[in-house]
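Please keep the sequence and the model open while reading.

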Amino acid sequence: MITSSPLVASPFVMIIFGATGDLVQNKLIPALFALYKNKSLPQEFFIIGFSRREFTKEEFHNYFQEQKNDAGWKEFATHLLYQSGSFEDENGYNKLNSQLLQIDKKMGACVTRFFYLATPPDHYETILNNLVSTKLSEGCGHQGNNWTRVVIEKPFGKDLETARNLDKKLAEIFEEKQIFRVDHYLGKETVQNMLAFRFANGIFEPVWNKNLIDHVQITWAEVSGIGKRGKFFDGVGILRDVFQNHLMQLIAAVAMEQPKSFTKEDLRDARANVIGAITYANEEKPIVKGQYKGYKREKDVSPDSNTETFIATKLFINTPRFEGVPFYVRAGKKMKNNLVEISVVFIQTCHILFKEYGCPEIGNVLAFRIQPNEGIDLRFIAKTPGSKLSLQPVNMKFGYKDDFGTSGLEAYERVLLDIFAGDQMLFNRSDELESSWELITGILDKWKQEKDEIQVYDERAWGPG
C-alpha cells in the first residue's frame, strides 16, 4: 500500500471507450504520457481510442492540444491508435478486433488487453454486450482470464438496482480478478498516507476513538462549475458523482479498523466494514441539497433542472471505535475555494492549570489536505511570547513537496500502474459499492417522494446560507 508500484515490464494494449471525452483528454492521456516520460511503461505498448467521431489517427493525436507541443509527445503518439465506431454497432468492434489481431501478430504472442470504459454509465451494458458478442471479451486465444481486464469508471450505476445489474453483468463475463472499478481518490497520496499516519505512529492510534475525538469534518469543494459535463452531470448530480464514491472512501480512510495486513482483501474488508456501518443522523431529512445560481443556464442542462450541485449531511459510524462521533460531510461546486480536506477535531480539554487564563474554544485539530498542496496539518495550543501567560492555537505543517521534494504520482498515474500490474488493492469491491448504493438510493427515493425544494446558493459561497 505504501510502497510504490513496480514499473510495467510486459507489453499491453489499452482500448479506451469514450476516447474523446473529458476524462480521457484531461486525466487518462496526460497520466499515460507522464508515465511514458518517466520511463514507467514498457518499450512496446498500444493505446487504441474508440469513439463515434470519424477521426484519422493523426486527428486523434491532434485532439490533445495541451500535450502535443510537449517534448516526447511525437514519440509517445506513435503508440496511440484510433478506431471510430458506435457503441451500439458491432461493426466498430469487429474493426477493433482486426487491429488487436494485427498487434498480436506483430508481437508474436498474446498481448494483455485492458478495456477501459471511460464513458457515462448508460453505455456500460451496451459495450459489455458487444464485447461478448464479438468475442473480444475472451481475449487472445479465447483465454480471457489470462489476457483480458476490464476497467470501469465511477459512478458504478445510478442506484442500487443498476449497480447490482452492472455487477451481475460483469460477473457473467469476467472473473473478479479481471475487474478494476476505478475511484481515483484511492490513488491520492494523502488518502493512502492516512493509513501510514494512523497505524505507523504509536502516538495517534491510542487517541483515534470516540473517547477523544469530538467530530470529523470532510469537505469537497470546487470553485469551478460543471464545465462541459452538463449532459452527464444533470443526469447524475453531486450525490452520485462525488458522495457515493470519493467521499465514502474518505470516510472509510478515517474510520476503518487496522487491516490484518496490507493485502488487497484485508484492506477492502476494512473499508467495506466502515461503509456498511454508516447511518444518517436525521433519517427524516438526511441530506441538505443545493444548486448554484446560474446552473440552469449551463450548456446541456435542463432549464427546470432540480439536480443538486451541493450536498451536506451529518453521519454516524456505528462501530465500537466511532459510535456517537458525528461526521459532517459537504460537497459542492462553484464554492468559495478549491479544497478537499478531512479535519479530525479532538475534544477540547482545558487543563485546570489554565482555566483562569482562558483556553481557545477549539483545541487540537488534525487536518489531512488532499487538494490543493497535499499534506497534513496539526493544530495545537502554545503559549504566546511575553511575560503574560496567554494561550493560542498554532499549526505544524507537513507537505509532500516541501518534505520529499515531490508530490508523488498523480492519482491516475498510480491507478494506471496498479491496473497494469494487476494490483486491485486501490479498487472497489462489489460489497463496498452495494453498501454505499443502499445509502444513496434511500436518499434518492426520499427525494422522489417528497420532491424537496432545492436551495439556491450564490457562486463562490460555501453552499446554501
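Strand β7 (residues 213-221) runs parallel to strand β11 (residues 327-332), and the two pair over six bridges; strands here are DSSP runs of E with at least two residues, and helices are runs of H or I with at least four, numbered from the N terminus, while pairing requires at least two DSSP bridges between two strands. The model is a predicted one, in which local features need pLDDT of at least 70 and side-chain atom pairs count only at pLDDT 80 or more, whereas totals for chains, interfaces and linings use all residues. Residues are numbered from 1 along each chain as its sequence is written, and side-chain values use heavy atoms, with hydrogens and water left out.

**Pairing around β11**
- Within the pairing of β7 and β11, Thr-219 has Arg-330 of β11 as its bridge partner.
- Strand β10 (residues 310-317) also pairs with β11 over six bridges, but in the antiparallel sense, and Phe-310 has Gly-332 in β11 as its bridge partner.

**The six-stranded sheet**
- Six strands form an open sheet with parallel pairing, in the order β3-β2-β1-β4-β5-β6.
- Because β3 (80-84) and β6 (179-182) stand at the edges with a single partner strand each, one side of each is left without a neighbour in the sheet.
- Strands β4 (residues 112-117) and β5 (residues 148-153) pair in the parallel sense over five bridges, and the bridge partner of Arg-113 in β5 is Thr-148.

**Helices on this sheet**
- Helix α5 (residues 90-107) lies across β1 (12-17), β2 (45-51), β3 and β4, and runs at about 175 degrees to β2; axes are lines fitted to C-alpha atoms, for helices over the stretch in contact, with angles from 0 to 180 degrees between N-to-C directions.
- Helix α6 (residues 124-133) packs on the sheet as well, touching β1, β4 and β5, where contact means heavy atoms within 4.5 Å, and its direction makes about 155 degrees with that of β4.

**Nonpolar cores**
- The largest nonpolar core has 98 residues, of which Phe-17, Phe-243, Phe-327 and Ile-342 touch the most other members; such a core is a set of buried Ala, Val, Leu, Ile, Met, Phe, Trp, Tyr and Cys residues joined through side-chain atoms within 4.5 Å.
- Helix α11 (residues 237-255) gives the most to this core, with 12 residues.

**Glu-438**
- Glu-438, in helix α15 (residues 430-450), counts as partly exposed at 43% relative accessibility, since buried means under 20% relative accessible area, exposed over 50% and partly exposed in between (1.4 Å probe, protein chains only).
- Neighbours within four places in sequence aside, Glu-438 is in contact with Leu-160 and Arg-164.
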